[in-house]
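Hello,

Here is the structure I promised to pass on. Please open it first, then read my notes below.

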Amino acid sequence: MVPSWPSFRLKMASDDDVIRKRLLIEGDGGNDDRRINGLLKSFIKWCSTVETPEESHASHQRMLGTLAQCQFAVEKSLLVHKMNVKEQQRYEQLNSQIETNISDALQKISECKSELQTAKRIRRNRQEYDVLAKVIQEHPDRQDTLRQLEALDKELEGLKGTKGSLEEKLEMRRKQFHILIAAIHEMERILDEDDKSEEGAATEMDTS
């Protein structure tokens with residue numbers, strides 16, 4: 001898990017303080033050279049100078065103390081070096097972990113964007129489907145339409161039959177009407193002729 005940026009900054013600040021303190025503590029490391037030089041000078045002086053046993057023993061003890069200090073400084077430097085190597089390795093691991101977590105976070109962001117696009121497409125398709133389903137529900141299905149068309153066809157056939165029957169009756173009535181008109185005209189002609197005959201007979205009677 002990647003530490004948050006404020007906590008990471010605090011950790012870096014604390015690490016910097018630790019390193020600064022170590023540098024302050026180890027700042028007298030330059031005295032090692034002076035100690036060694038002083039030890040060499042003391043050793044040369046000790047070898048070239050005739051001293052009493054007591055003085056020689058005291059000088060020897062001082063050189064052993066200086067040598068112990070130099071040895072301690074060397075061991076301390078080795079420990080500090082090992083600690084620095086471990087710190088460097090730890091920082092490298094932490095940096096690698098941060099880079100891995102950043103890469104994972106970017107991958108997850110990319111996946112979330114892809115999932116978001118997919119969700120938007122599904123939502124848009126669902127809305128289009130709902131609209132289409134509503135339109136379909138507002139119209140009768142194909143079976144109902146076919147049944148209605150069949151009923152209309154039967155009704156149309158029946159109307160055609162009724163029309164034919166009515167046309168036949170109308171034609172018959174038309175013929176009967178023509179016959180009736182012709183009979184009326186014939187009746188009028190006969191009546192006219194009868195009237196003329198009666199008038200002629202009456203005229204003949206008047207003249208006789």
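Keep in mind that this is a predicted model. My notes cover salt bridges and surface patches.

Salt bridges first. The count comes to four. One of them joins Glu 87 to Arg 90, with the closest N and O atoms 3.0 Å apart. Both residues sit in helix 3, three residues apart, about one turn of the helix. Glu 87 is partly exposed, at 23% relative accessible area. Arg 90 is partly exposed too, at 30%.

Now helix 4. Arg 174 and Glu 171 meet in a salt bridge there, at 2.4 Å from N to O. They are about one helical turn apart, because three residues separate their positions. Arg 174 has 37% relative accessibility and counts as partly exposed. Glu 171, at 35%, also counts as partly exposed.

Glu 186 pairs with Arg 189, their closest N and O atoms being 2.1 Å apart. This pair also lies in helix 4, again three residues apart. Shared partners link Glu 186, Arg 189 and Glu 193 into one salt-bridge network.

Next, the patches. Asp 194 belongs to helix 4, residues 142-207. It is partly exposed, at 38% relative accessibility.

The other patch is nonpolar. Ile 102, Leu 106 and Ile 109 make it up, with about 290 Å² of accessible area together. Ile 102 lies in helix 3, which spans residues 53-138. Its relative accessibility is 45%, so Ile 102 counts as partly exposed.

Best wishes

Technical notes. Residues numbered from 1 in each chain as written. Predicted model: local features only at pLDDT ≥ 70, side-chain atom pairs only at ≥ 80, totals over all residues. Heavy atoms only, no water. Patch = residues over 30% accessible without salt bridge, like charges linked within 9 Å, V, L, I, M, F, W, Y side chains within 5 Å. Areas by Shrake-Rupley, 256 points an atom, 1.4 Å probe, with all protein chains shown as cover. Salt bridge = Lys/Arg side-chain N within 4 Å of Asp/Glu carboxyl O. Helix = DSSP H or I, 4+ residues; strand = E, 2+ residues; numbered from the N terminus. Buried < 20%, exposed > 50% of the residue type's maximum accessible area, 1.4 Å probe, protein only.
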